[in-house]
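The exercises below each set a task and then work through a solution step by step. Please look over the sequence and the structure before starting.

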Amino acid sequence: MANTTGNLTQQKGTRAATVTGLLSDIANLGTDPVRGGYTRPVYSTAELDLREWFIHQAIQRGLAVETDRNGATWAWWETPGGDRANALVTGSHLDSVPGGGPFDGPLGVASALVAVDILKTRGTVPTRPLAVVVFPEEEGSRFGVACLGSRLMTGAIDPDKARNLRDPDGNTFADVAKANGLDPRHIGKDEELLGLIGAFVELHVEQGRGLIDLNQPIAIASSILGHGRWRLSVTGQGNHAGTTLMADRHDPMIAASRTVVAIRDTARNQPHARATVGRLQPVPGGTNVIASRVDFWLDVRHPDDAVTASVVESIHQQAQLIAAEEGCTVTLSEESLSTTVHFDPGLQGALQLALPEAPILDTGAGHDAGVLSPYVPTAMVFVRNPSGISHSPEEHVLDEDAETGARVLADALASLLS
Ligand code: GLV
Ligand code: MN
Ligand code: MN
């Protein structure tokens with residue numbers, strides 16, 4: 001790991017910050033002028049400013065800050081002996097979807113910092129190291145692969161594939177990472193760092209209505225729905241909008257549109273399935289131009305990974321039929337896949353003992369905790385979102401729930417530290 005900052009000693013008598021106070025510090029970073037909310041893709045100015053904010057906050061707390069070779073930022077509260085083995089790790093991410101809400105990711109980071117404050121004000125002397133981590137590119141909104149940082153660290157993605165991922169402007173991950181101080185030759189599985197993690201607990205805003213319906217502020221996670229991303233490219237004949245008769249067209253936009261509706265219908269007919277097309281790009285994209293190609297991205301989720309695979313296969317077959325009917329061709333390729341995750345029962349049980357009031361909830365949203373779960377005991381804590389909406393500016397958390405979340409996280413961490 002590169003030590004980007006020194007080890008500072010926390011001032012004695014520091015009071016715990018508040019989660020809402022920390023989030024208000026970053027409220028102006030990466031605001032989206034079009035949709036509202038926040039657009040904070042990995043290695044954008046906004047995301048780099050957020051990293052700097054995190055590093056500053058960590059140093060103020062006397063934590064030793066380092067960036068690992070896959071671009072995650074770690075803030076260590078070591079044991080008096082300076083040992084890092086069997087670390088208890090908490091944290092989340094600071095990147096966002098386009099026009100996302102203020103809490104998806106930053107709530108977990110701010111709560112982790114406040115939990116450290118609470119533990120310090122309680123006079124905790126860690127018997128095992130505690131680290132706060134910020135994983136990069138959790139949303140995959142720039143390079144297409146969700147949880148890229150944790151996938152790289154665990155070896156769940158081939159480093160060559162990662163190096164060659166491209167952002168919408170055609171920049172490779174390798175080039176962008178290099179421009180931001182990472183050596184792309186050294187990205188990939190980090191056995192040494194992974195081996196230090198004894199447990200990972202991620203606090204996150206709930207992204208659905210589970211806690212609203214239960215009228216509770218906090219839940220413990222049981223599982224994450226399996227999910228994946230696929231890219232479809234429909235190729236047709238680019239042509240003139242005025243001179244090409246309707247009967248003479250091979251318009252990939254028509255094939256893509258019909259496929260989008262078929263995707264919706266396929267998911268509706270499969271209990272518990274969710275399928276979404278949230279991004280579609282005509283090439284070249286002109287009002288008076290019949291497109292040559294349309295690229296669009298498919299997100300499919302289901303608790304049974306075999307069903308996910310069959311839904312995608314059915315969509316692929318329908319897309320081929322539709323494309324042929326429109327005189328076009330279509331290709332489908334997988335961009336990322338995360339199988340259904342059931343969190344570690346032992347860690348979940350320990351959290352239940354520490355937080356006896358908290359209900360158990362599953363989630364349809366992906367997280368770095370899910371990527372880490374095959375390698376280390378992993379758990380999640382959710383904080384109520386009174387709008388029930390996420391990946392949108394309307395995502396919300398009440399101030400009092402945010403502070404309860406940090407206190408509950410501190411209680412959970414304290415129970416795992418003792
Ligand atoms: C991440 O938030 C995802 O579930 O896509
Ligand atoms: Mn998230
Ligand atoms: Mn998200």
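**Exercise 1.** Is E139 buried or exposed?

Solution. This is a predicted model, in which local features need pLDDT of at least 70 and side-chain atom pairs count only at pLDDT 80 or more, while totals for chains, interfaces and linings use all residues. Residues are numbered from 1 along each chain as its sequence is written, and side-chain values use heavy atoms, with hydrogens and water left out. E139 has a relative accessible area of 7%, and buried means under 20%, exposed over 50% and partly exposed in between (1.4 Å probe, protein chains only), so E139 is buried.

**Exercise 2.** Find which residues coordinate the manganese ion (ligand 3).

Solution. Donors are N, O and S atoms within 2.8 Å of the metal (3.2 Å for Na, K and Ca), and sites may look incomplete because water is not among the atoms. The ion (ligand 3) is held by D104, E139 and H391, at 2.1 to 2.7 Å. D104 also bridges this ion and the manganese ion (ligand 2), the two lying 3.6 Å apart.

**Exercise 3.** Describe how the side chains of E66 and R84 meet.

Solution. A salt bridge is a side-chain nitrogen of Lys or Arg within 4 Å of a carboxyl oxygen of Asp or Glu. E66 and R84 form such a bridge, at 3.1 Å from N to O, and both residues are buried. The structure holds 18 salt bridges.

Key. Chains lettered and ligands numbered in written order.
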